[in-house]
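Dear colleague,

I am handing over the structure below, and after it I set out what was found there. Please keep the sequence and the model open side by side while you read.

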Amino acid sequence: MSDDFPDQHGRRYLVTGATGGIGAAAGRALSTAGAEVVLAVRDLDRGAAVAATFPGPTEVLVLDVSRLDSVRAFARDWSGRLDGLLNNAGVMATPFARTPDGFESQLATNVLGHFALTRLLLPSVTDRIVNVSSVLASFARIDLDDLNWQRRRYRPWRAYGQSKLADLLITDELQRRLDLVGSRVRAVTAHPGVARTGLYGNGNATGAMGVVLRGAARWRGVSPEIGARSVLQALTADVAGGSYLAPPSRPSVVREQRRARHEDDHATALALWERASALTGFSAAL
């Protein structure tokens, strides 16, 4: 492999949401580089079909990150080392719905499920935790008084943006806590830009924003393979914990995403961490 994407033989990665799009592309690239790849998916048949296209050793396990019981069952059955965890599964601008745990569905899927999975698998992680954000995080805000959309009028795109900003802030807080306990594990955020994935074609991304983004994905969007470069760099490159990576302008260049002021809000990151811990049943301490 090239210097920007080193040989991955002997390494083991877990990728959530790997039945298509960025997750499948990232998993295939890791497998091609020699890694063992575990696909965590809701649909085992679709996961097996994707895994069959990988050249290296794979395992397909069932996981629905929108349900805490599924996350806990998955973690309970996990065994062995985990070099890298890619929290990729997500939904975008879906109609209002609540999960069995009582969480708004985008908050549950994009944030809380991965938060719980990370907390439960952290003792097994040896190197890297990567959360996937979005360019829309730059335009979002966190409503700490109504994180779960219980009083506000539900806005699908605002809920999506809030979830992706939360992913970024929680990753930063995770890195601060890893540093405090002297861990060598690095927490990194990446966004894939506008890529041509199923997120834009699921029929749920409605409204004016949905029209704009579907048009952008169709005419200017990159392939999942190109979109996956930022998350692959986040997983495998020698980047600092707490980095936020944008899609590289060239394959060999890791590009740090320029952050808006609210994307470096340490007080909000701390409050989000504490709220996510309470909602998912964890102590705030690692």
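By class, the lining of the second largest pocket has 6 nonpolar, 2 polar and 6 charged residues, where Ala, Val, Leu, Ile, Met, Phe, Trp, Tyr, Cys and Pro count as nonpolar, Asp, Glu, Lys and Arg as charged, and the others, Gly among them, as polar. The lining of this second largest pocket is made of 14 residues, of which Phe139, Ala140, Arg141, Trp157 and Arg158 lie nearest its centre, and about 310 Å³ of space lies in the pocket. Helix H5 gives the largest share of that lining, 4 residues. Pockets and cavities are both found on a 1 Å grid over the protein atoms alone: a pocket is an open set of points with protein on both sides within 12 Å along at least five of seven lines, a cavity is a set of points where a 1.4 Å probe fits but cannot get out, and lining residues have an atom within 4 Å of a point. Grid points are joined across faces, edges and corners, and a volume is the space filled by probe spheres set on the points.

Please note that this is a predicted model, in which local features need pLDDT of at least 70 and side-chain atom pairs count only at pLDDT 80 or more, while totals for chains, interfaces and linings use all residues. Residues are numbered from 1 along each chain as its sequence is written, and side-chain values use heavy atoms, with hydrogens and water left out.

The structure also holds 1 cavity of 30 Å³ or more, and the volume of the largest cavity is about 110 Å³. Its lining includes Asn87, His114, Phe115, Arg119, Asp167 and Trp273, and by class there are 5 nonpolar, 5 polar and 2 charged residues in that lining. Helices H4 and H5 each supply at least two residues of the lining, with H4 giving the most, 5 residues; helices (H or I, at least four residues) and strands (E, at least two) are DSSP runs, numbered from the N terminus.

Not counting residues up to four places away in sequence, Phe74 touches Leu14, Ala40, Leu61, Val62, Leu63, Leu117 and Leu121, where contact means heavy atoms within 4.5 Å.

Val37 lies in strand E2 and is buried, with a relative accessible area of 0%; leaving aside neighbours within four places in sequence, the residues in contact with Val37 include Tyr13, Val15, Phe54 and Pro57. Arg12, in strand E1 (residues 12-16), is buried as well, with a relative accessible area of 11%, and the side chain of Arg12 reaches the backbone oxygen of Arg81 at 3.0 Å.

Phe282, in the segment after H9, counts as partly exposed because its relative accessibility is 22%. Phe282 and Leu120 are 162 residues apart in sequence and 9.5 Å apart in space, C-alpha to C-alpha.

Finally, Ala93, in the loop between E4 and H4, has a positive phi of about 50° although it is not a glycine, and Ala93 is buried, with a relative accessible area of 1%. Trp149, in the loop between E5 and H5, has a positive phi of about 55° and is not a glycine either; Trp149 is buried, with a relative accessible area of 3%.

With best wishes

Key: Buried means under 20% relative accessible area, exposed over 50%, partly exposed in between (1.4 Å probe, protein chains only). A polar contact is a pair of N or O atoms within 3.5 Å; within protein, one must be able to donate a hydrogen and the other to accept it, and residues adjacent in sequence count only if both atoms are side-chain atoms.
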